[in-house]
Structures are given as C-alpha cells and as structure tokens.
Amino acid sequence: MFKTSCPICNGESFSLKYRLADYWYDPQGPQYDYYECTQCKLLIQSPMLTSEELYKHYRESDRYEKVDSRGVRGIYHKIGLRKRASILRGIPPGNMLDIGFGHGEFISFMSSIGWQVAGTEINDSSIKSELP
C-alpha cells in the first residue's frame, strides 16, 4: 500500500493510475507505479529513487546522446513520450514542470499542444544541448 502525504495539498488518499517502465533508460527494466492524489491530482512515482540512484540514473552522459529514431531505443523513446503524454489525456492544457527534462523532447511536445512548460535538469551535457 502506498503511504505518504501529498507534498502539494497534504492529502493522504491516492489511487494507482499507471505502471510504466523507463522507456528511455531501460525499457526492459523495472516498472514504476504512479499514484494520483485524489485531492489535487498530483502524480507521485513509487518507488522513489534514492539520491544515489538519481545521480547514477541521470548523470550518465550516454543517457542524453541523440537517439537514432530508426533504432530500437528510438522506438522505445517515442513510445515513452506518447505514454507520458497520454497520462494527461482529458486534462486541459495548463502549467507543467518537468523535473529532469533531458534534451527537452517531452516539454517541447507538450508546449506544441498548448501547455505552458518549464523544466530543470542536473545533467550538464544535456543542459548545454539545444532543445529540439
């Protein structure tokens, strides 16, 4: 059972909304559960990665190399973008913060369909790259 308080509204009721793999990093790897706060609709990933896991996961420079859209990894990447966007289906465009935006493909896509987007990223090689 998922037990935490929502960091936005302090709500304590959540429902499991999605179970997704990280299609960019390891499409065959572990899946993560995404719980929705029943009060404010914030999505929270479970399990949350430790600081060490986050550092390893996001600081590896090859994570942000350009993806060959014809290759298997490129196909998984496109599937991942569509799945992430589908999470917001039915929600009218508004403000969105993408923490760990990589090269910015997702926030660029979301911007193109009317969302006001902002993002943060800890990987220096990604930050120095141009957004698509």
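This note goes through the predicted model point by point, from the overall layout to single residues.

1. Basis. The model is predicted, so local features need pLDDT of at least 70 and side-chain atom pairs count only at pLDDT 80 or more, while totals for chains, interfaces and linings use all residues. Residues are numbered from 1 along each chain as its sequence is written, and side-chain values use heavy atoms, with hydrogens and water left out.

2. Layout. The chain has four helices and five strands. Here helices (H or I, at least four residues) and strands (E, at least two) are DSSP runs, numbered from the N terminus. Read from the N terminus, the order of elements is β-β-β-α-α-β-α-β-α.

3. Burial and surface. Of the 132 residues in the chain, 30% are buried. Buried means under 20% relative accessible area, exposed means over 50%, and partly exposed lies in between (1.4 Å probe, protein chains only). The chain exposes about 8800 Å², and carbon and sulfur atoms supply 54% of that area. Accessible areas come from the Shrake-Rupley method with a 1.4 Å probe; for residues, only the protein chains shown count as cover.

4. Contacts along the chain. A contact means heavy atoms within 4.5 Å. Among contacts in the chain with a separation of 6 or more, 42% are between residues 24 or more positions apart.

5. Salt bridges. How many salt bridges does the structure hold? There are two. The term stands for a side-chain nitrogen of Lys or Arg within 4 Å of a carboxyl oxygen of Asp or Glu. Side chains of opposite charge can pair when their charged atoms come close.

6. Lys17 and Glu36. These two side chains meet in a salt bridge, with 3.8 Å from N to O. Lys17 lies in strand E1 (residues 14-22) and Glu36 in strand E2 (residues 26-37), so the pair ties together parts that are 19 residues apart in sequence. Lys17 is partly exposed, at 39% relative accessible area, whereas Glu36 is buried, at 14%.

7. Asp33 and Arg19. The other salt bridge joins Asp33 and Arg19, and their closest N and O atoms are 2.5 Å apart. This pair also links distant parts of the chain, since Asp33 is in strand E2 and Arg19 is in strand E1, 14 residues apart. Asp33 is buried, with a relative accessible area of 13%; Arg19 is partly exposed, with 48%.

8. Helix H3. Which residues of helix H3 (residues 105-112) are buried? They are Phe106, Ile107 and Met110. They cover an arc of only 95 degrees around the axis, which puts them on the same side of H3. The arc is that of the directions from the helix axis to the C-beta atoms. After H3 comes Gly114, whose phi is positive, near 105 degrees.

9. Strands E4 and E5. Strand E4 (residues 95-99) runs parallel to strand E5 (residues 116-120), and five bridges join them. Two strands pair if DSSP finds at least two bridges between them. Asn95 has Gln116 as its bridge partner in E5. The chain crosses from E4 through H3 to E5 in a right-handed β-α-β crossover. Right-handed means that, with the strands pointing away from the viewer, the path from the first strand over the helix to the second runs clockwise.

10. Asp98, in strand E4, is buried at 8% relative accessibility. Not counting residues up to four places away in sequence, Asp98 touches Arg84, Phe106, Ile107, Ala118, Gly119 and Thr120. Gln116, in strand E5, is exposed, with a relative accessible area of 54%. With the same exclusion of residues up to four places away, Gln116 touches Gly94, Asn95 and Met96.

11. Cys40. Cys40 lies in the loop between E2 and strand E3 (43-46) and is partly exposed at 30% relative accessibility. The C-alpha atoms of Cys40 and Cys9 are separated by 6.6 Å, and the two residues are 31 residues apart along the chain. Leaving out residues up to four places away in sequence, Cys40 touches Cys6, Ile8 and Cys9.

12. Backbone details to check. Ser46 and Pro47 are joined by a cis peptide bond, with omega about 0 degrees. Asn10 is not a glycine, yet has a positive phi of about 65 degrees; Asn10 lies in the segment before E1. Lys41, in the loop between E2 and E3, is also a residue other than glycine with a positive phi, near 75 degrees.
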